[in-house]
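Hi everyone, thanks for having me. I'll walk you through one structure today, so please have a look at the screen before we get going.

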Amino acid sequence: MSDKKVAIAFGGGGARGLSHIWIMEALDELGVRPSALSGTSIGALAAVCYGSGIRGADLRDYLLETFSNTGEVLSRFWKHRPRSFSDLLSVQNPRASWAQFDPEWVVETFLPPEVKRDFAELEIYTSLSTTDYFGGREVIRDEGDILPAVAASIAIPALFRPVEIDGLLLVDGGCVNPMPVDHVRSRADIVIGVDVVGVPLKPAEGKLGGFEMGFGATQILMQTIQLEKMRHDKVDLLVQPYVNDFKPLEFLKASDILEASKDTKEQVKQSLGALLEC
């Protein structure tokens with residue numbers, strides 16, 4: 001096997017990012033251990049799972065089992081909804097009420113128990129992208145407690161409340177760095193970028209709600225940022241799993257998302273294998 005170092009930048013994109021698992025499985029089957037990982041939003045979840053030593057196939061089994069019980073998943077979220085409508089609208093206490101759900105609870109509830117709790121415990125160097133809301137800049141998290149950092153990286157404004165770390169109010173890293181290739185460029189010979197952002201889907205009935213339009217606008221923003229950044233820092237292997245038919249919040253379609261994107265694994269194995277032989 002080649003002695004070239006490989007790194008992965010897992011991009012953000014909501015439920016579409018469940019397809020990140022195929023990239024993990026491809027590397028596992030090739031016997032390639034990444035030298036570094038980075039992630040934004042759903043990509044942050046993927047990065048800390050892989051960095052904790054969880055194999056792609058095992059993570060796939062875990063997710064399929066977790067999201068197979070629709071009633072249980074919905075029940076968990078219902079129990080952790082805002083206590084009142086005023087909680088949802090109030091901004092007097094940003095940590096408690098800016099958004100509908102607590103991202104730290106989501107991370108604690110749905111991440112596999114094998115995920116490490118501190119960056120120093122990870123088997124592979126891992127960095128996560130978050131956004132300093134009031135500073136308007138990226139804050140990279142690669143040390144200290146993992147769960148709050150992941151929670152901050154997934155904290156999509158208007159859906160999740162922000163996370164306060166070291167005096168900073170942090171939100172979704174996709175606002176500034178949807179696919180953090182630059183985090184790992186200096187740590188590898190080959191950088192794989194996984195793009196799962198996509199573009200908004202046109203509804204069959206031709207009607208768009210305000211919430212859906214907000215999410216769609218965010219997707220467009222992320223795609224624009226990503227394309228501009230790639231003009232200056234091209235990836236060696238850009239992977240775009242076939243997930244265009246799914247919306248960012250369709251986690252209950254985990255099985256369908258993985259089935260639709262399953263060809264990604266063989267595509268990565270072939271493309272990466274060729275790069276390693278060069």
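Predicted model: local features only at pLDDT ≥ 70, side-chain atom pairs only at ≥ 80, totals over all residues.

Let's start with Asp166, which is exposed, with a relative accessible area of 66%.

Residues are numbered from 1 along each chain as its sequence is written, and side-chain values use heavy atoms, with hydrogens and water left out.

Okay, back to our residue. Where does Asp166 sit? You'll find Asp166 in the loop between strand E5 (163-165) and strand E6 (168-172). When I say helix or strand, I mean DSSP runs numbered from the N terminus: helices are H or I with at least four residues, and strands are E with at least two. E5 and E6 form a hairpin with 2 residues between them, and Asp166 in the turn has a positive phi of about 50°, although Asp166 is not a glycine.

Asp166 also has a partner: its side chain meets that of Arg141 in a salt bridge (3.2 Å, N to O). Asp166 is in the loop between E5 and E6 and Arg141 is in strand E4, so the pair ties together parts that are 25 residues apart in sequence. By salt bridge I mean a side-chain nitrogen of Lys or Arg within 4 Å of a carboxyl oxygen of Asp or Glu. The general idea is that side chains of opposite charge can pair when their charged atoms come close. And is Arg141 buried or exposed? Arg141 counts as buried, at 13% relative accessibility.

Now the strands. E5 and E6 pair in the antiparallel sense over 3 bridges, and two strands count as paired if DSSP finds at least two bridges between them. In that pairing, Val163 stands opposite Leu170 in E6. E6 also pairs with E3, again antiparallel and over 3 bridges, with Thr130 opposite Asp172 in E6. As for cover, 4 of the 5 residues of E6 are buried, so this strand is largely enclosed by the rest of the structure.

Thr130 has a bridge partner in E4 too, namely Val139. E3 and strand E4 (residues 137-141) run antiparallel and are joined by 5 bridges. These two strands form a hairpin with 4 residues between them, and Gly136 in the turn has a positive phi of about 65°. Here's a handy thing to remember when you look at strands: in a regular strand the side chains alternate between the two faces of the sheet.

There's another salt bridge around here, between Arg137 and Asp132, with the closest N and O atoms 3.4 Å apart. Arg137 is partly exposed at 41% relative accessibility, whereas Asp132 is buried, with a relative accessible area of 6%.

How many salt bridges are there by this rule? The count comes to 14. One I'd like to show you joins the side chains of Glu25 and Lys265 (3.4 Å, N to O). Glu25 lies in helix H1 and Lys265 in helix H11 (residues 263-277), so this pair ties together parts that are 240 residues apart in sequence. Glu25 and Lys265 are both buried. They also belong to a network of salt bridges that links Glu25, Glu29, Arg60, Lys265, Glu266 and Lys269.

On to the helices. Helix H1 (residues 20-30) is mostly covered, with 9 of its 11 residues buried, including His20, Trp22 and Leu27. Just after H1 comes Gly31, with a positive phi of about 75°. Then there's helix H8 (residues 146-154), where 8 of the 9 residues are buried, so H8 is largely enclosed by the rest of the structure. Among those buried residues are Leu147, Val150 and Ile154.

Ser41 is buried, with a relative accessible area of 6%.

Conventions:
Buried < 20%, exposed > 50% of the residue type's maximum accessible area, 1.4 Å probe, protein only.
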